[in-house]
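Below is a short briefing on one structure, arranged by topic.

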Amino acid sequence: MIPLTWFVALSAILFIIGISGVLLRRNLIVMLMSLELILNSVNINFVAFSYYLEDMTGQLFAIFTITIAACEVAVALGILIALVKNRRTFNADDLDTLKG
Amino acid sequence: MSPENINFLTIVTFLPLLGAIVLLFFKDVRKIRWIALAVTVADFVISIPVLTSFDITTHHMQFVEKYTWIPTLNINYYMGVDGISALMVFLTTLIGWVCVLVSWKAIEVKVKEFMISILVMQMAMIGVFCALDFVLFYLFWEAMLIPMYLIIGVWGGKRRIYSAVKFFLYTLAGSILLLIGIIAIYYAGGKTFEIPLLMEQHYSFTFQAYCFVAFFIAFAIKVPMFPFHTWLPDAHVDAPTAGSIILAGILLKMGTYGLIRFSMPMFPDATIYFATPIIILSIVAILYGAFLALAQTDMKKLIAYSSVSHMGFVTLGLFLLNKHGIEGGVLQMFNHGITTSALFACVGIIYERTHTRDLRQYGWAAKHVPIYAVFLFIFSMASLGFPGTNGFIGEIKILFGAYDVHYAYVIFLIIGIVFGAAYVLKMYENVAFGSNLKPAPEGSGTFEDYMSHIKDINPREFLILGVFTVFVVWIGLKPTLFLDIMGASVDHLITQVNAADLTSIAAR
Amino acid sequence: MQELVFSIADVTAVVPEIIVGVSACLLLMVDLFVKEERKEIVGWLAILAIIFAGVGTVCLASVEARTVMAGMYVVDLYSALFKMTLYIGAIFTILLSLNYMKSEGVEYRGEYYALILFALTGMMCISSGADLLTIYLGIELMALPIYVLVGYIKKSPTSNEAAMKYVILGAFSSGILLYGVSLIYGYTGTTNLAGIAAGITASGTDSPVLTFGVLLLTVGLCFKVAGFPFHMWAPDAYEGAPTSITAFMAVGAKAAAFAGAVRIFMAALEPAFADWQAILIIVAVGSMFYGNITAITQTNIKRMLAYSSIGHAGYALLGLIAGTADGAASIIFYMFVYTFMNLGAFGVIILLRKCTGKGDMIDDYRGLAKNNRLVAVVMLIIMFSLAGIPPTAGFMGKFYIFMALIDQGMITLAVVSIVSTAIAAFFYIRIVLLMYMKEPEGEFDLVKSYSVYYVLAICIMAVIVLGVYPGAFMHLAKAAAIIM
Amino acid sequence: MIVEYILFIIFAVVAIVSAGCVVTLRNPVHCAVALIITLLQIAALFLLLRSPFLAVVQVFIYVGAVMVLFLFAVFLIDVKKAAMDMFKPKYRALAYIVALILLVESLFVIFSGGIQELTRITEAGAEVKVEVIGRTLFTSYIFPFEIVSVVLLAAMVGAIVMARDKKE
């Protein structure tokens, strides 16, 4: 049987990659993709724990997470489109009307 | 109905607030002035029974009212007065209507807001003297901040914004320390905010020392004691006359009152431990204030610095910790409230006519405005402690008290009194007997033209100054009434301080 | 065969949520039949729905705390008090919006009110959630509509931009929070709050898995309450959003986030107190000082209020740090008071908005008191309340928190936070100073909108009444915190 | 089973490499494709964890819906302009610090051995039947299920409001 640690390690790596993606990339779409990576790493955790604990909660939680992730993407892309219509950018550094 | 059944203190405290609310619905400036006057006079009249039916044989709190207020935090609405606070309440209501009268013509813009500020201020000040619950006390204490800030900042002189902000920040800094102290003592004193209960506790010396310092700084800023006094000259100079009177008459007394009510009875060990340093600070304040007053040419600034000096007498008297000293101190609080208020009123009266406070611009008062000059003379004499005036009684008692503790103090005090005489006489001489040949201010034509516009005091002003004169002479000739009222309370205060655990102090 | 595990009693317990959620759906349909210039009707209907929900909540609050929906949801006094705060926040937000959204010329004004109701449903789920899943879903249901609402003025680049930044950082924080949840789930084998507490007690608190999970969860929640250093979304989102939505975020979203945080920390992570307390102390002290000091240099009032809200989040966190029932009660009280203060402040900003370009800049308040005495007095009282000067409610809120803190012997922390209060007073009185002691530069032509006037009147009354007589509500808050 | 180990390693390595591609590639289209590959690997891992239903959901919703949405957005917006865009040094140091902290923390968590202790089963468990999931979803989890349906509706309304212009 594959040790639980392996799964958690994989999820941690994906989590860190996702976080770095959000913090490093300036392309808004890629930032959103990195957010998906984070959520997926969470799901690996949930499903793995669920399996190794013989408890269904984790799986169910993962289903909800996937749904929410879809919602987030829909809203975020909607906002992105509104933004792009106004000013043709999707570079986060160009968002400088608001200082700070 | 017998006096016991009436909630005198609540009425006295909240009547001004009620008046302020009523004022909201009026627009006519004349009506607003008359209503404000009526409210303050009524308040004064109601406060008289507090003094007349006061039982002078006991130090216990009187006219006590106690209701549950915020049970979750064990906070009560708890009011009551002893001999010292009763005097202060009386002084506050007295100053209240005088302030309204003084501002009758002096305030012409935003009269409604001004009168509301004055009335709210009066409510808060009376509340401070009556509150027997620490949180209630703090609420009133802080409530004074907003109206005073506005009084200085909106109706003040040239540098009003600077002075208002300075006043606000200094006072706020003090309040924060006070709040910390209050919460600390709540837990140390058995989770209660009731001041009489907290006085009965005995706290460890370390705790006393920390709390004493926190409270002391908070109160010293209000007094103001050297070196926390720098906000005072600015605030005085830029405040309108009524603001100066409130500041000098009542607000400064808050600090010394706090020392009497909280610091000394609650932290007796620390009081004895810190008494000598505070006396030295007081002496520094007396001399320093007097020196600076001597150097001023602005009349208001001169009186402001004289306040620093006079309040130094008060703190010194209090921390002598003997009967003469404390009685003298408390009496001086009252006296200073009368005398300095009267002097500020005098400044205001002449300023309304000449629009200058520069001493070098005067010199004709005795000739042109003789009645004014007489009043100014009386108050000047009272300020320097001339026998037969109220100042003399207070200062002589403090001198006696000081002699009992250490004769060296007396020497410094005498020097302070001499300086005091010097600056007061300088001021009076400058105003009343200077040369007649001083040029008129630019743009006001010849000297004769200029002087013809300057009239002697009118009946309204006569009333203001007359009332102050009554008290100056009354206390000067027959102080026993006032001393009797505070007597039992002062005795009790001395017992409380002497309950200090002297061995623990000696060990340090 | 599993049978349905919920009964009619379960359904009645969530009636307020059902009312709000279903009304949101209904409003979407009603909106189709309302003419463009009369969309305000939708807003009034939304208010009506919230009032019904409020009545429902009051009726339910009279019964004892009970867990329903298979342990997913809890109905108790604690959630009822927070829901009342949220209702007030939502109703006032709508009242502030009625005129404002129209004058800004915004499209889809009917959907706007539906989205507010959706967000409100989410907030209610957070405050009543008894399972990390419910709380997480509540957070998302609150956040998604607010992302959209922040960007609702589509023509305005600042609004777009604010929404974009908010959505990315919001989703980012949700991700971090979820990762923490997953680790805690792995450690305890459940997402139920009570179960987690039991699990932690059983397995001990020294495992790095738990510590890391708690750390990430705390960070995620601190993002949601905008605590330093996880505050960076707040100033931009506050400044760019429509002012009414800024108010909604400052009031509703913050209160809901605190409702969730208090429940998670006090009910589920209580055994791991030491782990999160240390983090929260850093966040709280950082928030108070960073928020209050940065606020001093701001020139835009919405941005200043954003930094001030960071500072206020710091104060409220102190209640959690105390970790007692009094601490939790002080947060309930603080959030209630904070709602009125902030709504009042944003109401004044909206009133000024009509003068073209005015209202957003602090300098716009110069001399306001000269001809608009009433508005100036309102702003004065609110500013002093935010600064925590008695006899306003702001003081009582802070006072209660400090009491709870000192009760636990954390005197240094209390002193530090009181000092930061003094710093905060500085920028609040600056506005008073501008209003009262400077001369106006031009005429003020204020918006005439009775709905805004009502909001301001109620806010002022509440600020004063709660400042002078906080006893009753404090008592309720204490009772709620004890039975939680 | 040794096969499982091998499969895990393959899936994991591919997932990590493609995830790395997502955050490093220039062209957003390439990033999207890399993300699809990662998501597919994760679906495969779900199979290893005996969760076929989730694997299917993962493929359907993520790869099917979400990624299509992404690609739409990418195509809708000028790709060439975005392609020029790469790492900007603004927050780079901060990002590295955060990533490093998280890495150290994670390594500590993983190598402390605490995780393996959490395992409660000794041999490979049985898969959770779809039927059971469905039942639970509609009984114990009915309330979250309802909330999530509201979330979906709210998100839909929100997305439409944002993306669509009202035609007069």
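**Salt bridges in chain B**

K323(B) is partly exposed, with a relative accessible area of 34%. The model is predicted, and a search of the whole of it finds 26 salt bridges over all chains.

- The side chain of K323(B) meets that of E327(B) in a salt bridge, at 2.6 Å from N to O.
- Both partners belong to helix α14 (residues 323–354) of chain B, where K323(B) and E327(B) are four residues apart, about one turn of the helix.
- K397(B) and E327(B) are both buried.
- E461(B) and R460(B) form a salt bridge at 3.8 Å, N to O.
- E461(B) is buried, with a relative accessible area of 2%, and R460(B) counts as buried because its relative accessibility is 15%, where the limit is under 20%.
- Salt bridges with shared partners connect K323(B), E327(B), K397(B) and D491(B) into one network.

**Interface of chain C and chain B**

- Contacts here involve 32 residues of chain C and 33 residues of chain B.
- The two chains, C and B, bury about 3200 Å² between them, with 81% of it on carbon and sulfur atoms.
- F399(C), M403(C) and M437(C) account for 20% of the area that chain C buries against chain B, more than any other three residues.
- Two salt bridges are counted between chain C and chain B; K191(B) forms a salt bridge with D407(C), and their closest N and O atoms are 3.1 Å apart.
- Six residue pairs are in polar contact between chain C and chain B.
- On the side of chain C that touches chain B, at least two residues come from each of α16, α17, α18 (411–437) and α20 of chain C, and α18(C) gives the most, with 10 residues.

**Interface of chain A and chain D**

- Chain A contributes 72 residues to the contact and chain D contributes 86 residues.
- About 7200 Å² is buried between chain A and chain D, 78% of it on carbon and sulfur atoms.
- Zero salt bridges are counted between chain A and chain D, while five residue pairs are in polar contact across this interface.
- Helices α1 (4–24), α2 (28–53) and α3 (57–86) of chain A each supply at least two residues of the side that touches chain D; α3(A) gives the most, with 23 residues.

**Helix α19 of chain C**

- Helix α19 (residues 450–468) of chain C has 19 residues and reaches 27 Å from its first C-alpha to its last, close to the 27 Å expected at 1.5 Å a residue.
- Its buried residues include V452(C), V455(C), L456(C), I460(C) and L466(C).
- Down the axis of α19(C), the buried residues fall within an arc of 165°, so they line one face of the helix.
- Y450(C), Y454(C) and M461(C) are exposed on the other side of α19(C).
- The buried residues of α19(C) pack against α4 (77–103), α14 (325–352), α16 (373–387), α17 (393–407) and α20 (471–483) of chain C.

**A buried serine in chain D**

- S106(D) lies in helix α5 (residues 92–111) of chain D and is buried, at a relative accessible area of 4%.
- Apart from neighbours within four places in sequence, S106(D) is in contact with A12(A), I16(A) and F212(C).

Terms used:
Residues numbered from 1 in each chain as written. Chains lettered and ligands numbered in written order. Predicted model: local features only at pLDDT ≥ 70, side-chain atom pairs only at ≥ 80, totals over all residues. Heavy atoms only, no water. Expected span 1.5 Å × (residues − 1). Buried < 20%, exposed > 50% of the residue type's maximum accessible area, 1.4 Å probe, protein only. Arc of directions from axis to C-beta. Contact = heavy atoms within 4.5 Å. Buried area = accessible area lost by both parts, 1.4 Å probe. Salt bridge = Lys/Arg side-chain N within 4 Å of Asp/Glu carboxyl O. Polar contact = N/O pair within 3.5 Å; in protein donor to acceptor, adjacent residues only side chain to side chain.
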